[in-house]
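Please take a moment to look over the sequence and the model below, and then follow the explanation one step at a time.

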Amino acid sequence: MATEDERYRQSSQFRLWSFSQSGLDQLRQKTNALAKQQIAARLHADPPPDFLTPDEEVRLVKFFTIELIRAAQFCELPTEIRSTAAIFLRRFYVTNSVMTYPPTELLKTSLFFGCKAEGFYIRLARLADKFPNTTSEQILAGEFLLCQGIRFAFDVRHPLRALEGAILELRRKRPTEQNRINTAHMRAREILKFSALVTDVYFHYAPSQIMMAALLMTDAELVDTLVPLPEPSDENPAVQTALRNRIFTALEACRKMLEQEPPERMTDYWGTPETVKIMKPLRKKLQKCRDPDRANLVALQQARREQASTKVKKPSAPVDGVVATDAQSRDAKRRKLEAGDDVFGPALG
């Protein structure tokens, strides 16, 4: 039977959406450079506009991820859906630039598609009514773009389920410390519902590692209970100690990443007027360097449909010197078959 680690390594989350730090940085730089090249050719501006840098794009993606979380809370969507939608949005903007496709529109599309991916039914019109000046058509317009951008990887493995299993194990091992475990449980859930979604931990660590790092932020001693030091009587204690050290090195790195965005920053920083003022120049800069051909997703979708419908069909073979229609070709074939004596056609060879 395959271990949990082996099953995770077969998932699309690991195969398609796991990167080293340098690999993720290079991919974002490549996306940014390609977007600038394409948009500059379409704008025909001299001099070209001041484009966003890769770091500025990362800040904007974080900002719009937080806007998505707020929107999901306002729409009263479950935790799993807001988490899946946030990861969809962040994955999309790894290989697509915020200068190319409008994040304000993809945010809504990610929420609706997150509901689909998690099997949660919500009427499209009801979701559209939650947002000002938004129609159902606008939400659907970016759906196929989103699917392409996330490489049709709809399965998102979250650390929340792993946390519930860890808490059950802690309650079994420490039956007299229920209040302490409950406090750690609630705090770790808050970290996973915010910090894990607005940082890059999903791109670098497995769900179990993210869960352990969240517990490490909350109560490090409980993590020692889950991953204890080997006993001298254990087989190969030196090897087990080295393995444990490797595990904790990864957990510490993940913890530091999570600590960049503690849950309190949702209101204490990102919800303050000062932060809105800080982000305002970036959003203005984005408006000036957007792709003019892709700013309106509804118009883009309609144009692509019209282009597909007007493709010239390959003409049928000529009959008596005249190009026949599809119906005429079918009639000619039927008459030819009816004229033959053998219903199975002529002999082969």
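**A covered helix and its surroundings**

Helix H6 is mostly covered, since 12 of its 15 residues are buried. Among these buried residues of H6 are Pro103, Glu105, Lys108, Phe112, Phe113 and Cys115. The model is a predicted one, and its geometry can be checked along this helix: H6 runs over residues 103-117, and at 1.5 Å a residue its 15 residues should span 21 Å, which agrees with the 20 Å that separates its end C-alpha atoms. After H6 comes glycine 119, which has a positive phi, near 70 degrees.

The cysteines deserve a separate look. A disulfide is a covalent bond between the sulfur atoms of two cysteines. How many disulfides does the structure hold? It holds zero disulfides, and cysteine 75, for example, is in none, the nearest cysteine sulfur being that of cysteine 115, 8.3 Å away. For a disulfide, the two sulfur atoms would have to lie within 2.5 Å. Cysteine 75 counts as buried because its relative accessible area is 4%, under the 20% cut-off, and cysteine 289, at 0% relative accessibility, is buried as well.

Key:
Residues are numbered from 1 along each chain as its sequence is written. This is a predicted model: local features need pLDDT of at least 70, side-chain atom pairs count only at pLDDT 80 or more; totals for chains, interfaces and linings use all residues. Side-chain values use heavy atoms; hydrogens and water are left out. Buried means under 20% relative accessible area, exposed over 50%, partly exposed in between (1.4 Å probe, protein chains only). Helices (H or I, at least four residues) and strands (E, at least two) are DSSP runs, numbered from the N terminus. The expected span of a helix is 1.5 Å times one less than its number of residues.
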